[in-house]
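Visitor: I have a model open and would like to learn how to read it feature by feature. Could you walk me through?

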Amino acid sequence: MTTAAQSAEKLTTIRRRSPAVETWENLRRSRAGMLGLLLIIFHLILALSSPYILPQDPFLMRSDVMSDAPSNEHIMGTDKLGRDIFSRSMLGGRVTIVVTILSTIIAITWGGLTGIFLGFLGGRADEILMRIVDALLSIPWLLVLLIIISILGTKMWVQTITFGFTYGILTIRVARAATLDYVSREFILAARARGERKRTIVLRELMPNVLDVLLVDGAMNWSWMLLSFTSLSFLGFGVTPPTPDWGYMIAENREILPIQPWSVFGPALMLSTLIIGINLFSDAFAKALGLDRSQGAPV
Amino acid sequence: MSNLLVDVNNLTIGYHNKMGELVHVLRDVSLQIKPGETLGLVGESGCGKSTLGQAMMGYLRSGSMVVGGTAQFEDTEMFSLTDRQLEAVRGNQIALIPQNAGQSLTPTMRVGKQIIETLRLNTDISKDDANKRMLELLGQVRLPHPEVMAARYPHELSGGQQQRVAVAMALAGEPVMLILDEPTTGLDVTTQAHLLELLCEIVTDTGAAMMYISHDMGVIARVSDRVAIMYAGEIVEDASSADIFNLPAHPYTRGLLESIPRLAIAGIPYSMPGQPPIPGVLPGCAFAPRCSFVTDICTSEPPTLDTIPEKPHWVSCHLWEQVIETDFSQELQDVFHTIKHKTTDENSIDISDLEITYYRADLLDRLRNTLEPPSTVSGVTFSVQRGETLALVGESGSGKSTIVRTISGLLPAKGGRIQFDDCDLTVNVADRPMHTCKRVQLIFQNPDASLNPRHTVAEIIDQPLKLYFPEMTRAERRERQIELLDRVRLDERYRLRYPGQMSGGEKQRVAIARAFAADPELVLCDEPTSSLDVSVQAAVLDLLADLQNERDTTYIFITHDLAVVRAFANRVIVLYQGRLCEVGSVDEIYSPPYHPYTETLLDAVLEPDPSTRPKLIAKDIPELTPPAQGCPFQRRCLKNIGEICDSEIPPWQTAENGKEHKIRCHIPMQELLANQESVLPV
């Protein structure tokens, strides 16, 4: 029996979902977003499991097959030291992905909280600190990263923290702008009138509302960080050889590009699929949350 | 050619929801408008009235579609026209005046130029002629000094003036049909009364037909010859204005009329139970679950639009014959019930000589030694007794919200004292001890904005509990949440809902529950019912009254609606530009003598009765800052007696009709009394 009362019941149950479920359902409808998510998951699984599933030893140098074209044994060929490109490409994202994910988390946490606090406090503190942020943003960061890393050395924690810190500065502006939308709303006034502490207002009232902007911003930042990290790595400030890394692999093999293009295409393909995946996902994610891409993107 | 201007027949409009199901917005709507007729279209939020108005212009919201039926304008089917053809009809023959005209004007262009642009878009008129016509139009909408006004930018005009410019633009194409979608919502009562007057004059002058869409029965009564009532996407009753207001034949129309607070009848009106269903989900009459006449046939068979014999009166109800037999005017008297106020002699809050300013001198001002402008609120002195409801009344800009924000500690006071029992409330909320914060709670106007959209109801109510009762365990708090929800008449299943999943009335109940979670002694209510539909307004007022009686809570109640004040408050303060004009008990305030400003407000109230008409006794000039000296109302007052009003602050005079009734005016009490009629029926 499908009565109107039943369909009425159905209509009310549709409306009774939590925002998280709602977002997921919206996301699932986007084909591009799901493709992006699959690409990201693929890369994450690969980063976690690659040491155990590699077809060849990525460190083994074979003088007999140097700069060799793809064959049955080496499906992407070998580099100039005779190492298997396919295995090295699969393994080459591990450090990059771990470092950039950790720095993304650092960036949205410190940048996000600072931004929300500044937006909430307003006044002189906000004025002064935002001018400092503006000044910091005018510095060419790749250069600064190079300097910091060359002083402190290519240690993973150094890279993670410097990346997290620098990209967090971008997030401050995004989080502050998103917060300004909410600070004058009545539920914030209500919380202030209740006598809530500033910390509670920021964490319990503002944070849940700004979180979606921060998450999208984090996803965008992640893809930017991947590119920056790979650039550093290309310049030799990323990963200590012989650990394979996409950026460094491209640097190592660019001279043999004409005779063994796969030695560069392999890592490039891996990097680009991950970045395309992140971009497709963050786009669809922002739409699913009801945000515009321009709102979540770093300026 | 038929003699109808608009002919909508069996129009059904719907959209597909996310699950792919067809959801109706309009169902089988038929509506005819003759040339020169003024039709009022009434309904609560979400009933489809705006969709119908837009459909008449051939416009559908994106995602919506015509499922069946036709919408003809001058014998042309609007939905068969191409975009280009529609463009020619819109503006030239039908014009729409939207709710928020300020936002529909281009902010970077002088208003005169915008009107000229509209004129030249539709006709090939020369520049000079267009300019002449533009000034004519501004004159037609009664804007003083059209040349000056034309050179202004939209932000330099007040809300009422912007709305007048929008009307002028709509008139540019000399339309035969005007569609007005709540054009006065958000305007002050006096501005609204003036604008409605203007619209009526325009309709008479130009002979255009008008469809006026509104939720406000008082406004509809003022402007329309005929009224159509919409409920859940259907037209349930369609009759002459007099019939709708005096002999309503549909139970919903009756309920709607009975739920409006009135100046003429003291007490809280009827509150309709439940809320409207989604159109088309109920097998029978959509109103059946909320109807007091309901019988078996109502829940099984949909009613059809019947004609009441010998009248142009259509009603969609199985039982209309039974409905019209019950005497409406008697029923109306009976549904109102007065609330009992427990009055005590104990003072709860004492405010003396309160002064508040938003002005902050910056460096440049200090260097230049700029004179400080008059304070936003000045010389406000009053006290409220425990368990009493004090209403602060005034138009926007009267300082009523400012006072309440200062009491709650969100704004600093520049001078004066706020004493609440033994606590000093002059200090900022951050510097108040927690037990003081707990005693004073706020309820805001718009529950959409005052509830955090990311929190569930449980989290919302939990916040004050955690803050004020840190000793409570999680289980105790949960129990208390359920108890509070029960006190505001909500089921405990609401705990897990988000604000977006509730209706306006339900959200306001949650906001009330949050305020009462603190177990407060003083609750500041900032227009708590003005954003709600009339059918739920009375229920919220009832609820507030009940909660007050349980613990002798004191209310300070802000509103601009004098009928609500009469229903709910027991003492009233009338404010203008942050200065006191009149104080007294409700009965005293509503009978003469009145302060000239109070008289203006009372006369601008639109009662849902087509036989009454506002008198418009004050000038409709917007004022942004209080005058530097003299009476705050001097510039708008028609009774201004000259020099003394402009230079000296008027003295308090005690009226003879009550011991608490005081009026601040230079005109002697006897003279005021002699020229005023009571707004209440004798």
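Visitor: What share of the residues in chain A is buried?

Guide: This is a predicted model, so keep that in mind throughout. Buried means under 20% relative accessible area, and in chain A 49% of the 299 residues fall in that class. The accessible surface of chain A comes to about 14300 Å², with 67% of it belonging to carbon and sulfur atoms.

Visitor: How many helices and strands are there in chain A?

Guide: Chain A has 13 helices and zero strands. Its C-alpha trace spans about 75 × 65 × 30 Å along the principal axes. As for contacts in chain A with a separation of 6 or more, 73% are between residues 24 or more positions apart.

Visitor: Which residues make the nonpolar surface patch?

Guide: Val98(A), Leu102(A), Ile105(A) and Met156(A) make it, and the patch covers about 330 Å². Helix α5 of chain A, residues 94–121, supplies the largest share, with three residues. Take Ile105(A), which lies in that helix: it counts as partly exposed because its relative accessibility is 47%.

Visitor: Now sheets. How do I read the strand order?

Guide: The general idea is that strands of a sheet pair through backbone hydrogen bonds, either parallel or antiparallel. In chain B, one open sheet of four strands reads β14-β13-β16-β17, with antiparallel pairing. The edges are β14 (377–385) and β17 (423–424) of chain B; each has a single partner strand, so one side of each is left without a neighbour in the sheet. Helix α16 of chain B (residues 400–407) packs on this sheet and touches β13 (347–356), β14 and β16 of chain B. The direction of that helix makes about 115° with that of β13(B).

Visitor: How many bridges join β16(B) to β17(B)?

Guide: Two, and the strands run antiparallel, with β16(B) covering residues 415–420. Gln419(B) stands opposite Asp424(B) in β17(B). The hairpin of β16(B) and β17(B) has two residues between the strands, and Asp421(B) takes a positive phi near 50° there. β13(B) and β16(B) also pair in the antiparallel sense, over five bridges, and Ser352(B) stands opposite Arg417(B) in β16(B).

Visitor: What is the order in the open sheet of eight strands?

Guide: It goes β18-β19-β20-β15-β21-β22-β24-β23 in chain B, with mixed pairing. β18 (440–443) and β23 (652–654) of chain B stand at the edges, each with a single partner strand, so one side of each lacks a neighbour in the sheet. From one strand to the next, the twist averages 20°. For a parallel example, look at β19 (residues 522–526) and β20 (residues 554–559) of chain B, which pair over five bridges. Leu524(B) stands opposite Ile556(B) in β20(B). Helix α22 of chain B (residues 534–551) lies across β15 (389–393), β18 and β20 of chain B, running at about 155° to β20(B).

Visitor: Is Ser450(B) buried or exposed?

Guide: Ser450(B) counts as buried because its relative accessibility is 1%. You'll find this residue in helix α18 of chain B, residues 447–450. Leaving out residues up to four places away in sequence, Ser450(B) touches Glu186(A), Phe187(A), Phe444(B), Ala511(B) and Arg514(B).

Visitor: And charged pairs, how do I read those?

Guide: Side chains of opposite charge can pair when their charged atoms come close. The structure holds 40 salt bridges over all chains. One of them joins Arg194(A) and Glu196(A), with the closest N and O atoms 3.0 Å apart, and both residues are buried. In chain A you'll also find a network of salt bridges linking Asp79(A), Arg83(A), Arg88(A) and Glu252(A).

Definitions and conventions:
Residues are numbered from 1 along each chain as its sequence is written. Chains are lettered from A and ligands numbered from 1 in the order in which they are written. This is a predicted model: local features need pLDDT of at least 70, side-chain atom pairs count only at pLDDT 80 or more; totals for chains, interfaces and linings use all residues. Side-chain values use heavy atoms; hydrogens and water are left out. Patches are made of residues with over 30% relative accessible area and no salt bridge: like charges are joined within 9 Å, nonpolar side chains (Val, Leu, Ile, Met, Phe, Trp, Tyr) within 5 Å. Accessible areas come from the Shrake-Rupley method with a 1.4 Å probe; for residues, only the protein chains shown count as cover. A salt bridge is a side-chain nitrogen of Lys or Arg within 4 Å of a carboxyl oxygen of Asp or Glu. Buried means under 20% relative accessible area, exposed over 50%, partly exposed in between (1.4 Å probe, protein chains only). Two strands pair if DSSP finds at least two bridges between them. Contact means heavy atoms within 4.5 Å. Axes are lines fitted to C-alpha atoms, for helices over the stretch in contact, and angles run from 0 to 180 degrees between N-to-C directions.
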